[in-house]
Each structure stands twice: as structure tokens, then as C-alpha cells.
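This report describes the arrangement of a sheet and the helices packed around it. The sequence and the model are shown first.

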Amino acid sequence: MHDHTEINEEPNKTVPCLTLDAQGWVGGVQHMPSPNCDARPTDCDISLLVIHNISLPPGRFGGRAIEDLFLNRLDPTAHPDFVGIAALRVSAHFLIRRGGQIVQFVSCAQRAWHAGESSLAGRSRCNDFSVGIELEGTDFVAFTSAQYRALARLTTGLRRGLPLRAVRGHEHIAPKRKTDPGPCFDWRRYARQAHLPEDWLPA
Ligand SMILES: [Zn+2]
């Protein structure tokens, strides 16, 4: 295997590896810096990936509403569902669109505001020590092959630069409040494509 390529799911097709720069930004993806972030606690190990789903309005794909929400410019009058969320100050490090395009909103060196009240194995405030990845989707529709490929590629790139050792869904770290990514997210497929160690996965 060439140093800078990896085998894609599709045979005879290679795609460049994604790499994290010293400032925590991934090269080769779109950057849309969000103000909704702050410093991680000092000496924090970035050990967890959190998988989410989002679509705005819920169940409708495409459009700019997710970016607008994360950039604090969502028009509350554009859809009835936007009224209650336009003033939220939220973000994730990454969004993976239905077609597999990756957008980065927050440097991995910074704390994005994606998980809210949450805990992993008794450790609270998962935002402190995690990277948040949103898949454009809902709990009730299968994610696309392009999204699994992009997620695997992103995960592989992040592992090279961060001391990751677990992946969870939002539903696992905030089980009373959240249901995403939901039953349509295929954890086995993700683990296989991203070559994840078995002990990284939710039980
Ligand atoms: Zn979520």
C-alpha cells in the first residue's frame, strides 16, 4: 500500500488519507469554522469519538440549515421547526453529508458543543474528551454507503493524530435524552470498514 493512500471499499479505487494538522484541522475537507467551541481542559486526552445524526428540518436532507445552525445564522422564520433551535449554540467537529462530503466546523484541539450532559464509564462531560461527528440523517433511514466510507476514512485519519480508544453513539453517552445515531446505524459495518478494535465499540 502506498504511504498516502488507503484501500477503499470499492476495488481498484484508492482515495487519499485524511490527516490532521498541528492546529487540529483535517486537510482535504471543507472548513467552516464555528464560534460554538471553547478550550478543552488542560492535559485532556482526546480519547472518544461520538457519532450523531442530524437533519434540518428533521428527515429532510440537503440544504444549508445544518451549517447555518452551527454558524449561528439559522433563520428561525424559514421553517416552523427552526423557531425553537435557532438560538441554540451548538456545534460538532464534523458533518458527513448524504453524499459523503465532510465539513469540519471546529478544530479537534478545541471543545465542540455536541454531546451536552453525558457520561462514559462514569466520566462526565464527554465534550471535554471527545470528537463529535454528525451524519446527515435520522434514526429511521439507512445511512448511505458514501457516508460509511467517509466516516471510516475520517476515523482512520483521526486515529493517526489523536489518542482515540472508544467510539460511542450519542444515545450511549446520554441514554435518557438522546437516541442518535439510532437503530439504522450499522456499527458492525462501521467497525469493519474503519478497522476498529473490538473493544472500541459500544457493548
Ligand atoms: Zn446527537
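Ile 96 stands opposite Ile 102 in strand 7. The strands concerned are strand 6 (residues 94-96) and strand 7 (residues 102-104), which run antiparallel and are joined by 3 bridges. Strands are DSSP runs of E of at least two residues, helices are runs of H or I of at least four, and both are numbered from the N terminus. Two strands pair if DSSP finds at least two bridges between them. The model is a predicted one, in which local features need pLDDT of at least 70 and side-chain atom pairs count only at pLDDT 80 or more, while totals for chains, interfaces and linings use all residues. Residues are numbered from 1 along each chain as its sequence is written.

Contact here requires C-beta atoms, placed from the backbone, within 7 Å. Axes are lines fitted to C-alpha atoms, for helices over the stretch in contact, with angles from 0 to 180 degrees between N-to-C directions.

| Partner of strand 11 | Sense | Bridges | Residues standing opposite |
|---|---|---|---|
| Strand 5 | parallel | 7 bridges | Ile 54 and Glu 136 |
| Strand 6 | parallel | 3 bridges | Phe 94 and Ile 133 |

Strand 11 is largely enclosed by the rest of the structure, because 7 of its 7 residues are buried (20 or more other C-beta atoms within 10 Å of the residue's own, these atoms being placed from the backbone). Ser 130, Gly 132, Glu 134 and Glu 136 are buried on one side, and Val 131, Ile 133 and Leu 135 on the other, which leaves both faces of strand 11 covered.

Helix 2 also packs against helix 4 (residues 187-194), at an angle of about 50 degrees and with the axes 9 Å apart. The contact involves Tyr 148, Arg 149, Leu 151, Ala 152, Thr 155 and Thr 156 of helix 2, together with Arg 189, Tyr 190, Gln 193 and Ala 194 of helix 4.

Terms used. Contact = placed C-beta atoms within 7 Å. Buried ≥ 20, exposed ≤ 12 C-beta atoms within 10 Å, placed from the backbone.
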